[in-house]
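Morning, everyone. I'd like to walk you through one model today, so let me put it up on the screen and then we'll go through it piece by piece.

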Amino acid sequence: MTNIELINKLKDEKQLSHKEFEQIISTYTPDDLAHAQTHALEISQRIFGRKIYFRGIVEFSNICKNDCYYCGIRKSNACAQRYRLEKQDILACCREGYENGFRTFVLQGGEDGYFSDDRMCDIVSSIKEEYPDCAITLSLGERSYDSYKKLFDAGANRYLLRHETANEEHYSLIHPKELSLKNRIRCLYDLKDIGYQVGCGCMVGTPFQTASHLADDMVFMQKFDPAMVGIGPFIPHKDTPFGDAPSGSVNTTLLMMALCRIMLPNVMMPATTALGTADQDGRKLGVLFGCNVVMPNLSPMSVRKKYMLYNDKAGTEISAKEGIALLRSQMEEIGYEVIIGRGDYKKEEA
């Protein structure tokens, strides 16, 4: 079958084999990419209209016990300026976000032992108490089942844990030996079992990655059926072992996004900061390839440049208010409306 026929098959059946995904990813042409975009955009607009949900990110700690080879806040990066936000700082970020129309807050940080279950539960329950109409998304990395359950019981609704790559060998090439894909997947299934709306996702163009690895990602997401998917291009950070590696392809990232929208019609999918960093129109392109979420940064200006996962991260030079206005204007340029609302995932047949 041709790639266009395979994309049509994915639209009709919502699944492809590993071999079929690999064929599309390894041989796609501009026409194939445009065909995938047409289907993805049609599905996205049919289900969500021309509406975009905002999620406000609060990057509350860049301290991390892990040493992932691609990450700018890895523990071995002696050049990183470390910080933590305290509870009152996090609540102040949420307050500003709420005043600007946000109804979802994303608390994201490195795997920092300071933020114990008790401390995080206190933060989550305090946000929930002050803003009962808001959703809370956590992105705290790998924790135990009991830890995830306590956070859920405290009021967290969603959890983002990108699997990064679904190929075990590739996982071992971009992570230190103490981290395993098996445990990452265990965490994702634990989260789903507890009742979170769960997000996974991958990087496109990491060192050693092949089209077969990206096909593994598509097959995994097809099986896992996440509520959210985050996909972005790999962008190197100068103070990591992969500092001199090339960035991932924007077009392949857009293809993966489009294929995800076709395969998982109702999924919540952000036009990622990494995509907006790789291409100045990246967030607009993401929406035009099926994304329905954008995630402005609510973190204080004093720490923006310290949460540097990769080089030249977008949004570090402007305030939360300016960032919101910029994204709103970018969405309006392509005929989309930013709406106030939680934007919960609804699993319905397209």
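Predicted model: local features only at pLDDT ≥ 70, side-chain atom pairs only at ≥ 80, totals over all residues.

Residues are numbered from 1 along each chain as its sequence is written, and side-chain values use heavy atoms, with hydrogens and water left out.

When I say helix or strand, I mean a DSSP run: H or I of at least four residues for helices, E of at least two for strands, numbered from the N terminus. Two strands pair if DSSP finds at least two bridges between them.

So, β2 and β3 run parallel and are joined by five bridges. They belong to an open sheet of six strands, in the order β2-β3-β4-β5-β6-β7, with parallel pairing. At the edges sit β2 and β7, each of which pairs on one side only. From one strand to the next, the twist averages 20°. For angles, the axes are lines fitted to C-alpha atoms, for helices over the stretch in contact, and the values run from 0 to 180 degrees between N-to-C directions.

Now look at β4, residues 135–139. β3, residues 104–109, pairs with β4 in the parallel sense over five bridges, and Phe105 has Ile136 as its bridge partner there. Why is β4 described as largely enclosed by the rest of the structure? Because five of its five residues are buried, where buried means under 20% relative accessible area, exposed is over 50% and partly exposed is in between, with a 1.4 Å probe and protein chains only. In a regular strand the side chains alternate between the two faces of the sheet. In β4, Ala135, Thr137 and Ser139 point one way, Ile136 and Leu138 point the other way, and all are buried.

On to the helices on this sheet. α5, residues 117–130, lies across β2, β3 and β4, and runs at about 155° to β4. Then there's α10, which packs on the sheet and touches β6 (197–204) and β7, with its direction at about 165° to that of β7. Touching, or contact, means heavy atoms within 4.5 Å.

**The three-stranded sheet**

There's also an open sheet of three strands, in the order β8-β1-β9, again with parallel pairing. Its edge strands are β8 (293–294) and β9 (337–339), each pairing on one side only. Between β1, residues 51–54, and β8 there are two bridges.

Which residue of β8 is the bridge partner of Tyr53? That's Val293. Tyr53 is in β1, and it counts as buried because its relative accessibility is 16%. Leaving aside neighbours within four places in sequence, Tyr53 is in contact with residues including Phe48, Met268, Asn292 and Ile339. Asn292 is 239 residues away along the chain, yet the two C-alpha atoms are separated by 6.4 Å.

Across β1, β8 and β9 lies helix α14, residues 320–333, running at about 165° to β1. Gln330 is in that helix and is buried, with a relative accessible area of 13%. Not counting residues up to four places away, Gln330 touches Gln280, Arg283 and Lys284.

Among the buried residues of α3 are Leu33, Ala36, Ala40 and Phe48. What covers them includes α1 (3–13), α2 (18–27) and β1. After α3 comes Gly49, with a positive phi near 70°.

**Rings**

Rings of Phe, Tyr and Trp (its six-membered ring) pair if their centres lie within 6.5 Å; planes under 30 degrees apart are stacked, over 60 edge-to-face, and the rest tilted. Tyr69 and Phe242 have centres 6.1 Å apart and planes at 85°, so that pair is edge-to-face. Tyr148, Phe152, Tyr159 and Tyr196 make one aromatic cluster.

That's my tour, thanks.
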